[in-house]
Amino acid sequence: MTSHPVGTAPSTDENAGRHHGEYKVPGGKLVVADFDVVDGALAHVSVSGDFFLEPDEALPEINRAITGLPVDTSAADIADAVTAALPEGTVLFGFSADAVAVTVRRALAKATGWADHHWNIIAPSVLPTHVNVALDEVLTEEVGAGRRNPTLRFWDWEEPSVVIGSFQSVRNELHPEGVARHGISVVRRISGGGAMFMEAGNCITYSLYLPQTLVDGISFADSYRFLDAWVMAALEKVGISAFYVPLNDIATEHGKIGGAAQKRLANGGMLHHVTMSYDIDAEKMVEVLRIGKEKLSDKGTRSAKKRVDPLRRQTGMARAEIVAAMMDVFAERYDATPSVLTDAELEAARRRVGAKFGTAEWLHRVP
């Protein structure tokens, strides 16, 4: 079922044959690496691309820095070797030492690109919020184990909910009176980040389940932009010019529209998910969530209600139309095909709710 990374080397012998790798820096330029592998080390290295580099003499120094490195050199060590070799005052524009490292790792098939995988898309279907959260863990495990293709899944739900980050405190994040008054279901997810206020139809939530090889050598901060480049294109398609506000907020000139969170598992699977506000009830949100002055201190606004600027107001489009546009762009960009949740996956998620996500122990693990 699961596709395997497409090797870029023309030979199956890792000690011989020309290797070729490419990496397009998010918001930057293309970096290309060509080299041979001789006796387990990189040889005849040639780095190229449409980037800018001053002085010219720095390019041979980059090639020399990589030449001789063992094939199992980590991305971080490749980047360090490139940085150490750069002449004083070198300017890299449109790329970086880290980008060179990613390109080399891709050429060795130790890092992968989007096209190296067969991607699936699961359309939204209404499920309890606890099950949606449990599915994120189950499907990430499945992708990491090679039992499922890398997958984009859109959530849907009916009950009003708050999904808090893995490390958030229940008492610090929620107003218990507001939770009780509005019948809010409170669930803790496996990823970090902030609380998600979710009523039926008020936001768009999707999860990406992927192998960590896709972000090999890419910093945690850069991985957010990298994994959401497709959704920026989808937003552009519906008339919204969006951008990332480090670390994990998605915004427009009118305000924040969403936020992302991630979790990397020991088996090599990775979860990246995003919630975007479509038609949020800001009055109710601040009755349910404690959004303090410290959280707002670097956001450039005095009011929590002004932090979020929903997609409905900015586009005038139905939520389903925006989701369809997102699915279309992802499918076109990555040649993704439709998929569905299997009975086994749903049953595993329901069992996980009973054993973990639906328990008081999990919810209150950070009181």
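Reader: Is phenylalanine 330 buried or exposed?
Author: Phenylalanine 330 counts as buried, because its relative accessibility is 0%. Buried means under 20% relative accessible area, exposed means over 50%, and partly exposed lies in between (1.4 Å probe, protein chains only). This is a predicted model, in which local features need pLDDT of at least 70 and side-chain atom pairs count only at pLDDT 80 or more, while totals for chains, interfaces and linings use all residues. Residues are numbered from 1 along each chain as its sequence is written, and side-chain values use heavy atoms, with hydrogens and water left out.

Reader: How many aromatic pairs are there?
Author: The whole structure has 14 aromatic pairs. Rings of Phe, Tyr and Trp (its six-membered ring) pair if their centres lie within 6.5 Å; planes under 30 degrees apart are stacked, over 60 edge-to-face, and the rest tilted. Phenylalanine 330 and tyrosine 334 make an edge-to-face pair, because their planes are at 70°, with the ring centres 5.0 Å apart.

Reader: Which aromatic cluster are they in?
Author: One cluster that includes Phe330 and Tyr334, with Trp114, Trp119 and Trp230 also among its members. Trp230 is one of the buried residues of helix α8 (residues 229–237).

Reader: Different topic. What does arginine 319 do with its side chain?
Author: The side chain of arginine 319 meets that of aspartate 156 in a salt bridge at 3.6 Å, N to O. A salt bridge is a side-chain nitrogen of Lys or Arg within 4 Å of a carboxyl oxygen of Asp or Glu. The pair links distant parts of the chain, 163 residues apart: arginine 319 is in helix α12, aspartate 156 in the loop between β7 (151–154) and β8 (161–164).

Reader: Which ring does arginine 319 sit over?
Author: The charged end of arginine 319 sits over the ring of tryptophan 157, 5.5 Å from its centre. To count, NZ of Lys or CZ of Arg must be within 6 Å of the ring centre and within 35 degrees of the ring normal.

Reader: So is arginine 319 buried or exposed?
Author: Arginine 319 counts as buried, at 17% relative accessibility. Aspartate 156 counts as buried too, at 16%.

Reader: How many salt bridges are there by this rule?
Author: The count comes to 16. One of them joins glutamate 199 and lysine 284 at 2.7 Å, N to O. Glutamate 199 lies in the loop between β10 (196–198) and β11 (203–211) and lysine 284 in helix α9, so the pair ties together parts that are 85 residues apart in sequence.

Reader: What about the surface, which residues form a nonpolar patch?
Author: Phe52, Val91 and Phe93 do, with about 320 Å² of accessible area together. Patches take residues with over 30% relative accessible area and no salt bridge, joining like charges within 9 Å and nonpolar side chains (Val, Leu, Ile, Met, Phe, Trp, Tyr) within 5 Å. Accessible areas come from the Shrake-Rupley method with a 1.4 Å probe; for residues, only the protein chains shown count as cover. Phenylalanine 93, in strand β5 (residues 91–93), is exposed at 54%.

Methods: Helices (H or I, at least four residues) and strands (E, at least two) are DSSP runs, numbered from the N terminus.
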